[in-house]
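Here are my notes on the model, as promised. Please read them with the structure open.

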Amino acid sequence: MAAESNFLLQSTVFLAAAVICVPIAKRLGLGSVLGYLIAGMLIGPFVIGFIGEEGEDIMHFAEFGVVIMLFLVGLELEPEKLWRLRKQILGVGMSQVLITATAIFGVGLLLGLIWQSALAVALALALSSTAIVLQTLNEKGLMRSEGGQNSFSVLLFQDIAVIPILAILPLLAVREVSNASETLISDLPMGLQTLAVFLAVAIVILVGRFLVVPTLRMIARSRVRELFMGMALLIVVSIAYLMQLVGLSAALGTFLAGVILANSEYRHELEADLEPIKGLLLGLFFIAVGASIDFKLIADSPILIASLTFALLVIKFVILFVIGKVFKLSVSQNFTFAFALAQAGEFGFVIFSFVRQLGISTNETLSIGTAIVALSMTITPLLFIINEKLIQPRLCDGSTDDREREMDVVDEHNKVIIAGFGHFGSTIGRFLRANGVEATYIDNDPDQVNLIRKFGFKVYYGDATRPDYLLSAGAANADIFISTLTDPDENYQLVETLNKFYPNLKIMMRAQNRYDAYEFIDMGLEHIYRDSLDTSIRVGVDVLRKLGARAYTARRVGLNFRKADETAMWELAEHRHDSDTYFSEARARIQYQEDLMKRERGEDTELVDHAWDSESLVKGFGAGEN
Amino acid sequence: MHKILVLFAHPRLESSRINTRLIKEIPQQENITFHDLYETYPEFNVDIEFEKSLLKRHEIVIWHHPFYWYSSPPLLKQWIDMVLEYGWAYGAGGEALKDKIIFNAITTGGNEEAYCEQGYNKYSIRQFMQPFEQTANLCLMQYLPPFAVMGTHNMKGEQIDRAALNYGRLLKVLSNGDLDLEKAKSLRYLNEIL
């Protein structure tokens with residue numbers, strides 16, 4: 001009972017701190033990451049003291065947010081695109097880790113550390129913070145810029161590099177320690193260990209390819225909403241567990257699974273389901289980082305820690321900037337790249353605690369190191385702000401904008417979204433595609449999605465009425481949203497959601513009939529297309545032709561009829577809530593329409609279209625002539 | 001036997017006494033193609049390749065239309081704009097229509113006197129036809145003076161019959177190859193050759 005109330009109290013403190021600090025930080029233009037970090041510092045043991053030493057446990061738990069984040073990053077990255085990034089990942093990533101570690105190693109030696117300790121610290125500090133960098137890049141919309149892509153490549157390489165780093169640390173141990181990295185396979189001989197690692201990766205790939213999508217399809221068909229989120233979590237958790245068993249990075253494993261699922265029709269749905277969980281866990285993680293900052297230690301030797309932190313940032317920044325230069329980043333992108341990755345990251349905490357177990361470094365060194373990591377992470381959002389507010393405005397590098405836009409297209413942020421991919425939607429889709437307009441298609445019928453995918457359309461499974469889903473389908477970047485859904489209630493909900501969250505999106509709405517259309521007019525829609533109108537008129541026009549009418553006349557009559565009918569619809573919409581005026585208006589309208597048609601046929605001499613009629617011309621000209 | 005293509009453009013044939021009667025007199029022969037543009041393209045979506053193939057297969061082309069606002073109805077203009085392509089009908093390598101004969105067959109509400117300097121239309125029919133004539137010239141075609149049925153406002157049954165029969169006779173003469181081309185070119189109206 002005590003533990004439970006403790007849990008509730010903790011949750012209350014964490015959530016309250018986040019709810020208060022994050023909006024304020026965002027309002028001040030500091031970004032959510034800094035908000036969470038500040039919240040953590042406030043409730044941490046050194047300021048208000050709401051939470052004590054358990055901060056570290058929370059951090060381990062919250063690290064799962066990073067795992068989910070990597071899964072989501074993977075979902076955004078199709079295998080072909082990852083393959084295109086291979087040079088960046090190996091080239092930029094490896095040079096960053098090696099050169100930075102070497103430089104910090106040198107500094108460590110100069111400061112009088114023994115070489116084993118200096119090397120361990122160097123490896124810990126060379127890595128950057130995936131959590132902070134990716135979250136901030138995403139928030140600022142820089143993920144697809146060149147600087148963002150390179151940052152991502154480096155972070156990915158660092159995730160891979162953690163594995164050999166953790167493997168070689170025991171070799172640096174000054175004194176004998178019992179086996180520290182406890183995995184299922186650590187007792188096996190080296191060859192079998194390697195085999196197990198490859199086997200685990202193969203399992204992830206095969207399961208992702210052949211088992212996950214059919215299962216998702218089955219779940220989608222069952223239409224039990226929460227099961228989908230359950231499945232999404234199951235994918236992430238089980239892969240994380242598998243990776244842990246073989247001693248690989250869980251983040252790396254889920255990233256791989258994400259990449260494999262990036263091409264599937266469930267991508268947007270998975271994103272929508274996991275995004276809030278990821279956000280919250282990451283928030284928790286940042287709070288924990290904030291809470292872990294040891295202000296007492298900093299207060300004891302403020303100048304030492306401040307100058308070391310500053311030195312770290314400068315060393316990492318300079319090396320990153322030079323690498324960016326070598327790999328031909330434009331100046332403005334290079335600044336983004338170097339500022340983004342200049343901090344040390346959460347892997348630093350992991351490595352330091354491992355080093356403590358191994359007894360490679362002194363406790364003092366490790367405490368200072370941990371403080372530097374936390375401080376540099378906290379400063380990162382500020383560095384982003386400096387870059388954004390002070391540096392970038394001075395580098396009006398026009399080319400960067402173009403590049404960002406180009407990347408956008410590749411990553412399927414289409415200007416047009418079509419909800420509902422039945423016969424109606426697919427006809428629009430085929431027409432647009434034939435004219436070089438690519439659209440994003442969403443449908444909530446798993447069988448239909450499956451079928452259409454076979455024709456080469458990228459249809460995504462999902463519920464278009466959910467705001468979070470619309471976001472991951474790219475509603476924020478789209479211009480036009482076409483709904484071909486037939487269920488009125490779904491459409492009303494959709495329109496409400498779109499109006500609320502994406503008021504600038506142009507909605508083009510399929511309406512079943514006149515009454516359906518009235519509802520949409522009431523909701524303020526401007527582009528309404530009645531199912532029953534155009535085709536019926538076309539049939540009517542063809543009937544007239546079969547009965548002997550001239551083709552062009554029949555066509556004109558049809559166009560006029562449609563125009564009159566549309567006008568009538570808009571005018572009647574105003575009256576429809578008052579049944580008396582509605583019916584009298586409607587009768588008047590029908591009369592008008594018939595008059596119009598008569599006039600076109602020339603039956604009503606009073607209304608005759610005078611344009612090409614000789615009788616009236618005779619009156620005007622002919623009589624005088626002869 | 002010369003092959004004749006009648007490109008007929010009338011947006012409201014059902015209310016035209018004269019043209020309904022005129023097209024009845026077009027001889028139903030294998031070498032004469034009557035092509036009703038408004039019936040074929042009510043949506044103005046002219047099939048360029050098909051039209052080009054028709055042109056290729058005929059030696060004589062007639063733009064048959066009412067004379068609206070000193071010009072043709074819009075679909076015929078659309079036909080000219082779309083079909084007579086650069087590099088095919090004119091310009092570099094554009095010789096597909098070279099030496100083919102072309103003229104307008106028109107109906108006008110006002111009578112002949114209206115189309116002169118003193119008349120209320122001020123200019124002659126031939127002057128109004130200049131855009132068509134120059135279009136033909138640019139396409140290296142031989143442009144003939146128009147066949148014109150004038151004063152349709154006040155035409156009575158018998159006059160209409162006579163005009164229609166003349167049209168039929170003209171088409172026969174053209175079809176048989178009996179036309180004196182040089183003489184035809186010197187006339188004000190093609191009607192005079194009959």
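1. Arg466(A) and Asp273(A) are both buried in this predicted model. Their side chains form a salt bridge, with the closest N and O atoms 3.3 Å apart. Arg466(A) sits in the loop between E3 and H21 of chain A and Asp273(A) in helix H12, so the pair ties together parts that are 193 residues apart in sequence.

2. Arg466(A) also forms a salt bridge with Glu269(A), at 3.0 Å between the closest N and O atoms. Glu269(A) belongs to helix H12 (residues 267-292), and 197 residues separate the two partners. Both Arg466(A) and Glu269(A) are buried.

3. Glu158(B) counts as exposed because its relative accessibility is 61%, and the cut-off for exposed is over 50%.

4. Over all chains, the salt bridges number 22.

5. Now the cavities. The whole structure holds four of 30 Å³ or more.

6. Chain A overall: 27 helices and six strands. Of its 626 residues, 48% are buried. Among contacts in chain A with a separation of 6 or more, 75% join residues 24 or more positions apart. The chain exposes about 30400 Å², with 63% of that from carbon and sulfur atoms.

Notes:
Residues are numbered from 1 along each chain as its sequence is written. Chains are lettered from A and ligands numbered from 1 in the order in which they are written. This is a predicted model: local features need pLDDT of at least 70, side-chain atom pairs count only at pLDDT 80 or more; totals for chains, interfaces and linings use all residues. Side-chain values use heavy atoms; hydrogens and water are left out. Helices (H or I, at least four residues) and strands (E, at least two) are DSSP runs, numbered from the N terminus. Buried means under 20% relative accessible area, exposed over 50%, partly exposed in between (1.4 Å probe, protein chains only). Contact means heavy atoms within 4.5 Å. Accessible areas come from the Shrake-Rupley method with a 1.4 Å probe; for residues, only the protein chains shown count as cover. On a 1 Å grid over the protein atoms alone, a cavity is a set of points where a 1.4 Å probe fits but cannot get out, and a pocket is an open set with protein on both sides within 12 Å along at least five of seven lines; lining residues have an atom within 4 Å of a point. Grid points are joined across faces, edges and corners, and a volume is the space filled by probe spheres set on the points. A salt bridge is a side-chain nitrogen of Lys or Arg within 4 Å of a carboxyl oxygen of Asp or Glu.
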